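Please read the following with the sequence and the coordinates open. The text goes from the whole chain to selected parts.

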Amino acid sequence: MTNKRSDRRFSINNIVHYLNEKRLFKSFRITYQVVWNLLLIFFIGFISLMLFVGAAGAGFFASLVMDEPIRGKEEMRMDIYNYEEISEIYFANGVYLGDLPSELERREINLEDVSQHLINAIIATEDEYFFEHDGIVPKAILRATYQEFSNSSVQTGGSTLTQQLIKNQILTSEVSFDRKAAEILLALRLENFFAKEEILEAYLNVVSFGRNANGRNIAGIQAASQGIFGVDASDLSIPQAAYIAGLPQSPFGYTPFLSQGRGVKENLEPSLNRMRTVLNRMRDKGYITEKEYKEALTYDIRANLTSPSQSTLQEYPFLLDEVQRRAIEVLSQQMMELDGVVVDEIEDAEKRAAKLTEYRETARRDLRRNGYEIHTTINKEIYDAHQEVIKDHSLFGGVSDLGEPEEVGAVLLDNKTGAIISFVGGRDYWREQTNHATRYPFRSNGSTMKPILAYAPAFELGVLQPGFILADTPMFYTNAPEREITNFDNRPLGLMTAREALQRSRNVPAVKAFNRVPHDYARETLQKLGFNLIGGEPYEPAAIGGIANGPSVELNTSAYSVFANEGKLIPSYMIEKIVTRDGEVIFQHESEDIEVFSPQTAYLTLDMLRDVQVSPGTAPNLPGMLNFRTDLAGKTGTTNSAHDSWYVGFNPNFTMGVWIGYDTQRPLQGRTGPRTQRIWASLANAAYEIEPEYIGTSDPFKMPSGIVRQSFCGISGLLPSELCRESGLVQTDLFNVKFVPTKVDDSLERVNFVMLKGEPYRALENTPLEFTKEGITIKSEYFSEEENLFEFLPKNWGKLIPDRLPEDNGKTPEQIATVSIDDNHLSWSEHLDEDIIGYRVYGAPTGTDIFTVIKTVLSDEELLMKLHSRPYAYKVTAVDVVGRESEPSSIVYNGDWQERPIDKDEDLDGDSNNDEEKEKEKEEDENENKPPRDENGNNNGEDNEDGEEDLIPDPLNDFTYLREKRRHLDHLRQAMETRYI
C-alpha cells in the first residue's frame with residue numbers, strides 16, 4: 001500500500017517536473033497568480049468599499065435620525081390613534097342632531113367592521129407584503145433611493161402601510177431624507193410594538209379619500225363608504241371596495257365629486273382606470289376570481305354614487321355654530337382651570353387675549369379630532385317649530401333704507417335650571433351669520449331695563465314700594481342739564497304710583513327710582529346679572545336702557561328669570577355634557593345660584609309686571625294673542641328713534657325674550673311694540689303645541705312669606721291720616737313686611753280756597769270768608785320746588801287744592817251788565833273779570849228801600865236763584881278775590897212790589913196781619929231758612945216740600961250743614977251791620 005502511494009507521488013512529481021520544464025505551463029502559472037491576486041485585491045477592495053459605504057450610510061442615517069426622540073409604546077399609541085374624528089351633537093334627551101362642522105369628516109371604525117373586500121383591495125394595492133415585512137421593504141427602499149439619486153422619471157415609491165401611517169400621524173408629508181430616515185426608524189419601532197391588525201385599523205381610520213357627495217373632505221374608510229356610496233364600510237362590494245382603495249394614491253385627483261357639493265365630475269376615467277388596476281392586483285393575488293373580476297369591471301360606478309344630502313350645517317346653521325362656540329369655551333375654561341391659569345389676573349390686555357386664544361385653539365383642535373358627543377339642552381321639536389314661525393314674513397316690517405331686512409333674536413329658557421330650550425338666531429343664516437339671540441345686538445335694552453335696575457333694587461333697599469308715589473314731571477339729567485328726560489308721548493302724566501309708572505313704562509319715574517338707589521349697589525346688581533359695564537356705569541340713562549354695551553337677548557332673558565326664581569339668577573346654558581368616544585364624561589354642567597334680590601323683592605316686581613299686560617299697560621293685547629292662559633308677567637321696551645323693540649315675558653316655568661331691529665341701526669317701521677309682542681306670542685303658541693302643560697301651566701307664581709297687603713296714603717306711602725282718608729288718597733298694595741310704614745302721613749293740611757273760572761286757588765288773607773271753601777292740599781315743603789307737582793295731580797286727586805294763589809287785577813269790578821227775573825227765577829250775567837270769586841244778591845221787601853244780603857253765590861255755582869212769590873226787589877253785585885265789590889246792578893222786581901214803609905207787625909208781602917196768618921207765614925219762613933235734608937239728616941241740596949229753593953246756597957258734599965249755617969248767619973249779620981243800600 002505504501003509502495004503504491006510512493007509510486008503515485010513519484011509519478012505526479014515527475015509530471016510536474018516535466019511540465020515545469022515546459023515553457024507553456026510556466027506562462028500559465030504566472031497568469032494564474034496575477035489573476036488570483038487581482039481578484040483577491042478586488043474582493044478586498046469591494047468588501048472594504050461596502051464596509052465604508054455601509055459605515056458611511058449608517059453614519060448618514062444616524063445623522064438623519066439623531067434629533068428624532070425615542071418614542072415608547074404608549075407614546076406611539078397615542079400618536080397613531082390621535083387622528084381627527086368628527087364630533088357629534090345631540091339635542092336634549094339624546095336625540096341625534098348631526099356632526100359638528102369641521103374641515104374634515106372622519107368616523108372611527110373597528111377593523112372587524114370593515115369589509116374584507118376593502119382590506120384585500122388595500123393590501124393588494126398599497127402594500128402586498130404587509131403581513132410579511134417588519135415595517136419596511138428594503139428592496140423597495142433601495143429602488144426608491146436609486147430612482148431618487150438617478151432622477152428617474154419613474155417613481156415607484158417605497159412606503160409600506162406602516163410607513164404611510166407614520167407619515168400621516170407622527171411626521172409630515174415633507175419630501176426629505178431626514179423625514180424618510182425617521183419614517184423608516186419609526187416604522188420598525190411601530191411594528192415591534194403593535195400587531196399588524198392594529199396598524200391596519202389605524203391606517204384605515206386615517207387615510208384620506210378625497211371628498212364626499214356634499215363636497216366635504218373625508219378621511220377614514222367609514223366616512224368614505226358613507227360619503228361616496230352611501231353604505232357602511234362593512235357593506236362594500238368588490239367594485240366599490242376597489243374604487244375606494246384606489247383613491248388614497250391621489251385622493252382629490254381621483255375623487256368623483258366636485259368641491260362645495262357641486263355634483264359629480266364629468267370625467268371619471270382617471271378614477272375608473274385606477275379601480276381597474278386595483279381589481280387586476282386583487283385577481284393576481286388571488287383575492288378574487290376571474291369571474292368576480294369581470295363582473296366588477298361592468299359595475300356602473302356613476303350610477304351608484306350617493307346623492308348630496310342636506311348637511312347638519314345647512315339644516316341647523318345657527319345651532320351648530322353656537323354649540324361649537326360654547327363647547328370651545330367650556331373646554332378652554334376647563335383646561336385653564338386644570339393648568340391653574342386665571343386670565344383675569346393677567347394685567348396686560350394683549351397677553352390676556354393671547355392666552356385666551358391659545359386655549360381656545362387647543363379646545364377647537366380637540367373638538368375636531370377627538371370625536372366627542374356634545375349633548376345640548378335644545379328641544380328639537382320646539383326649535384324646529386320656532387324656525388318655522390319666523391318664516392312668516394307678515395310678522396316683520398319692511399327693509400331699511402340700506403336694504404337690510406328686519407332681524408329677530410329670541411331665547412326660550414327654563415327658569416328652574418337656566419337651560420336654553422330653544423332660540424332664534426336670525427331670519428337667514430346665509431345672509432347674515434350673526435346670532436341675534438346669543439351674541440347680538442349688544443344694543444340698548446330700552447325699558448326692559450327698568451325693573452332690573454330701577455325698581456327691583458329700590459324695593460330691595462326699602463326706598464320704594466309698589467304703591468309709593470313717583471312724579472312723572474319734567475326732569476333733566478343731573479350730569480347733562482340740557483338734556484330732558486322724555487317719554488314716548490313727550491308729555492308728563494303727573495303723580496302716579498310706582499306700579500302705574502312701570503305699567504305705563506314712564507321714563508322719568510324710573511330715573512327717579514334709580515336715583516334713590518346707591519350707585520355701588522346698582523352697579524353690583526348689574527354685574528351679578530352679567531352685564532358688561534364700562535367705566536363708572538350705570539349712570540342715570542341706564543335706568544331706561546342707556547348703557548354702552550347692551551345685553552344680548554339671552555342675557556336680558558336670563559335677567560328676567562330672576563323674578564321667577566325668587567330673586568336668584570341661574571345662569572343660562574346650552575351644553576349639558578361632553579362625552580368622549582369611550583363614554584367618559586369630561587364635562588357635566590352644574591347649575592349655580594346667584595342671589596340677586598330677596599324673594600319678596602322678586603315677587604313685588606313680577607306682580608307689577610303682571611299689570612303690563614292689562615290696560616293701560618304697554619302690552620294689553622298680548623294675552624289675547626295666546627292660545628292658552630297662564631300667569632304671565634313681562635315688560636316691553638323700545639329704544640331711541642325706535643331702533644330696537646323688545647318684549648320679555650315669563651310664567652312660573654319659562655322665560656322668553658324677543659328682540660327685533662336692523663343690523664345697522666335704523667328706525668323700525670310701523671307699530672313696533674305690537675309686532676314684537678305678536679312674534680313673542682307666535683313663538684309661545686308654537687311651543688305650547690308641543691309642550692302644553694309646560695308652556696301653558698295653570699300654576700300661579702307663589703307669593704313668599706314676608707309679603708302683606710297694606711293700606712297707605714298714596715301721596716307719601718305712610719299710614720293714612722284723617723286728611724288722607726277725607727281726600728280719597730288711601731290706597732292698598734303689596735308691601736315687603738320689612739318696609740311696612742309705621743308713621744302716619746303728615747303731607748296734607750287744610751286750607752281755604754276760592755274758585756276762579758272753574759279752577760281752585762288758595763284764598764288770600766283778605767278774601768271774604770263767605771266766598772271761600774275749605775279744602776285739603778299738599779304741604780308745599782313736601783315736594784321740591786323744581787317738580788311743580790300741583791300742575792300734574794292725577795284726575796282722581798281732584799279734591800286736593802293746588803298750591804297756587806289767585807291773581808288780583810288791581811281794580812274794582814264793574815257793574816253787572818244784566819239782571820232779570822223770569823218765571824219766578826232771578827238770573828244775572830257772568831262778570832267778565834278773571835278775579836271774580838262770587839256774587840252777592842241783595843233783596844228788599846215791598847214797602848222799603850233797605851236791601852240786605854239774602855244770598856251769596858260762588859263763581860262756580862249757577863247764576864240763578866228761585867224766588868218767593870211775595871213781592872221783592874233785587875240787585876246783584878260782583879266780588880273779586882280781595883273783597884272789592886262792584887256797584888249794584890239795576891234793580892229788578894218780583895210780584896206786586898211797592899215802595900212804602902212796613903209796620904213791624906205787618907207781613908213783608910203786604911197780606912193779612914191776623915195772628916193765624918202770621919203764624920203760618922212764620923212757619924213758612926222757618927222752613928224756607930232750613931236747608932233740605934236727606935234721610936240721614938244731611939243737606940242734600942234738593943228743593944223743599946213746597947217746591948221753593950232755599951235762599952241759602954247749597955252746601956258742598958264735603959262741608960257739614962252746621963258750618964254752612966254758621967257761615968250764612970255770619971253773612972246776614974255782616975250785611976245788617978254794614979251794608980244798607
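What follows covers the chain as a whole, then a surface patch, then a sheet.

The model is predicted. The chain has 981 residues, and 50% of them count as buried. Its secondary structure consists of 30 helices and 31 strands. Taking contacts between residues at least 6 apart in sequence, 69% join residues at least 24 apart. The accessible surface of the chain is about 48,200 Å², and carbon and sulfur atoms account for 49% of that area.

On this surface, Trp36, Leu40, Phe42, Phe43, Ile44, Phe46 and Ile47 make a nonpolar patch of about 730 Å². One of these residues, Ile47, belongs to helix H2, which spans residues 23-65.

Strands of a sheet pair through backbone hydrogen bonds, in either a parallel or an antiparallel arrangement. Here three strands form an open sheet with antiparallel pairing, in the order S23-S22-S24. From one strand to the next, the twist averages 55 degrees.

Strand S22 covers residues 748-756. Four bridges connect S22 with S23 in the antiparallel sense. Val754 stands opposite Tyr761 of S23.

How values were computed
Residues numbered from 1 in each chain as written. Predicted model: local features only at pLDDT ≥ 70, side-chain atom pairs only at ≥ 80, totals over all residues. Heavy atoms only, no water. Pairing = 2+ DSSP bridges. Helix = DSSP H or I, 4+ residues; strand = E, 2+ residues; numbered from the N terminus. Axes fitted to C-alpha atoms, helices over the stretch in contact; angles between N-to-C directions. Patch = residues over 30% accessible without salt bridge, like charges linked within 9 Å, V, L, I, M, F, W, Y side chains within 5 Å. Areas by Shrake-Rupley, 256 points an atom, 1.4 Å probe, with all protein chains shown as cover. Salt bridge = Lys/Arg side-chain N within 4 Å of Asp/Glu carboxyl O. Buried < 20%, exposed > 50% of the residue type's maximum accessible area, 1.4 Å probe, protein only. Contact = heavy atoms within 4.5 Å.
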